[in-house]
2 protein chains.
Amino acid sequence: MNLILLFPDDFVDAHRVRLSGRRLEHVRSVHRAAVGDSLVVGLVNGSIGRGVVTSLSDTLELSVSLSDDPPAPLPLTLVLALPRPKVLHRVIAGATSLGVKRICLLNAWRVEKSYWKSPRLSAANLLLQSTLGLEQARDTVLPTITLHRLFRPFVEDELPALASGSLALVPHPTAASECPRAVDRPVTLVIGPEGGFIDMEIASLTRAGFTPVTLGARILRVETAVGAVVGRLF
Amino acid sequence: MNLILLFPDDFVDAHRVRLSGRRLEHVRSVHRAAVGDSLVVGLVNGSIGRGVVTSLSDTLELSVSLSDDPPAPLPLTLVLALPRPKVLHRVIAGATSLGVKRICLLNAWRVEKSYWKSPRLSAANLLLQSTLGLEQARDTVLPTITLHRLFRPFVEDELPALASGSLALVPHPTAASECPRAVDRPVTLVIGPEGGFIDMEIASLTRAGFTPVTLGARILRVETAVGAVVGRLF
């Protein structure tokens with residue numbers, strides 16, 4: 001937790017917050033903070049600043065001043081075939097820490113149906129994972145995360161508008177062209193499931209304006225691939 | 001498991017292997033293979049090819065032919081401040097899947113002492129995690145992983161020789177220069193612990209020939225940072 005993310009309900013007056021639960025525990029056991037210490041804080045979707053500990057017992061009280069802008073967002077829209085629930089956590093937190101502000105979770109032929117029933121897909125859990133990513137990266141701006149259980153209607157009817165004006169790429173092992181590097185425009189990136197997209201899905205994505213690109217001979221896990229592609233593109 | 005990694009003891013004759021345990025379970029429950037199916041296999045530190053299932057009961061027998069080279073290694077030596085045991089697994093498997101062939105796990109001021117007592121640091125577990133990374137990426141060449149419990153002797157006496165002839169970089173939030181992109185030479189990369197290296201450690205690394213570089217305002221988890229830096233450098 002390199003930044004404590006504050007929400008409107010935390011404020012007891014204009015410059016004072018009172019925290020309990022996870023954030024209190026973390027400040028107590030990891031930061032090992034004491035009254036008078038100054039911690040990095042940020043208002044959700046707002047500015048970053050400092051919070052001075054004014055009280056630390058059953059609750060944590062901070063006197064807050066916010067002055068700095070959060071880091072620039074990454075101009076990347078990430079469309080992910082829904083990963084295994086265990087991996088979903090790490091992917092949402094990881095992508096958020098990299099600065100992604102738009103994540104679409106998509107069905108695909110090789111996504112197991114049971115994944116859609118996971119409690120980890122709840123709005124509360126997705127918000128928690130995004131929060132952990134922001135706290136890690138010292139950012140405040142939450143990503144928008146949407147679920148799309150039907151591949152074709154999303155790819156045919158929604159994705160072209162979502163990707164409009166961006167470089168639209170889908171990494172695919174047998175693609176003819178290499179993934180570009182250091183681009184200077186927004187990117188929409190579609191990442192397939194373990195086992196990859198089937199040919200018909202790649203054909204749909206190609207019709208929707210996406211270029212299949214290769215990242216080399218290695219097949220990467222989604223959490224590794226997201227970082228590697230972001231590092232390469234931006 | 002995009003490749004089944006074979007070890008010398010698996011061979012019952014020159015072209016036939018017999019497998020049990022984890023690999024048998026995976027082929028049965030995930031690949032759902034049957035007699036006659038052809039699977040991608042590779043000999044540890046050797047060639048890649050196909051294995052045709054000749055028997056599948058209490059053991060799995062494959063008739064193997066190996067013909068192709070594994071993918072090129074990544075010209076990267078990775079020196080990592082020892083991460084939390086939970087994270088270590090993912091970092092070893094992830095770095096191996098990216099093609100890293102030399103990993104040094106290093107002590108640092110902000111590495112908790114208890115991490116060095118974790119059973120996850122056993123040679124057997126490091127081998128298993130590397131194997132998982134190779135199986136993911138369809139590679140066969142195991143990384144060499146070494147442990148260095150004393151920061152200064154390693155950095156002063158061993159690291160300069162290890163990094164010789166390579167671009168030597170240490171990501172650090174307050175560095176003056178940006179991390180380079182798309183380099184065409186080997187790189188030695190030193191990645192700090194959660195909380196970062198202390199100033200004295202950065203000074204030691206600088207004396208050992210390392211240039212501190214920044215990756216931007218965001219602070220990334222080690223598993224995210226490794227992918228992002230590799231994507232950027234190569």
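## A sheet in chain B

Leu6(B) has Leu43(B) as its bridge partner in β4(B). Three bridges join β1(B) to β4 (residues 38-43) of chain B, and these two strands run parallel. Strands are DSSP runs of E, at least two residues long, and helices are runs of H or I, at least four, numbered from the N terminus.

This is a predicted model, in which local features need pLDDT of at least 70, side-chain atom pairs count only at pLDDT 80 or more, and totals for chains, interfaces and linings use all residues. Residues are numbered from 1 along each chain as its sequence is written, with chains lettered from A and ligands numbered from 1 in the order in which they are written.

Six strands of chain B make up an open, mixed sheet, ordered β1-β4-β5-β6-β3-β2; strands pair if DSSP finds at least two bridges between them. At the edges stand β1 (4-6) and β2 (11-13) of chain B, each with a single partner strand, so one side of each is left without a neighbour in the sheet.

## Where the chains meet

Now to the interface: 25 residues of chain A are in contact with 25 residues of chain B, contact meaning C-beta atoms, placed from the backbone, within 7 Å. On the side of chain A that touches chain B, α6(A) gives the largest share, seven residues.

## A residue and its neighbours

Leaving out residues up to four places away in sequence, Leu80(B) touches Val91(B), Ile103(B), Leu105(B), Leu106(B), Ile191(B) and Val222(B).

Terms used: Two residues are in contact if their C-beta atoms, placed from the backbone, lie within 7 Å.
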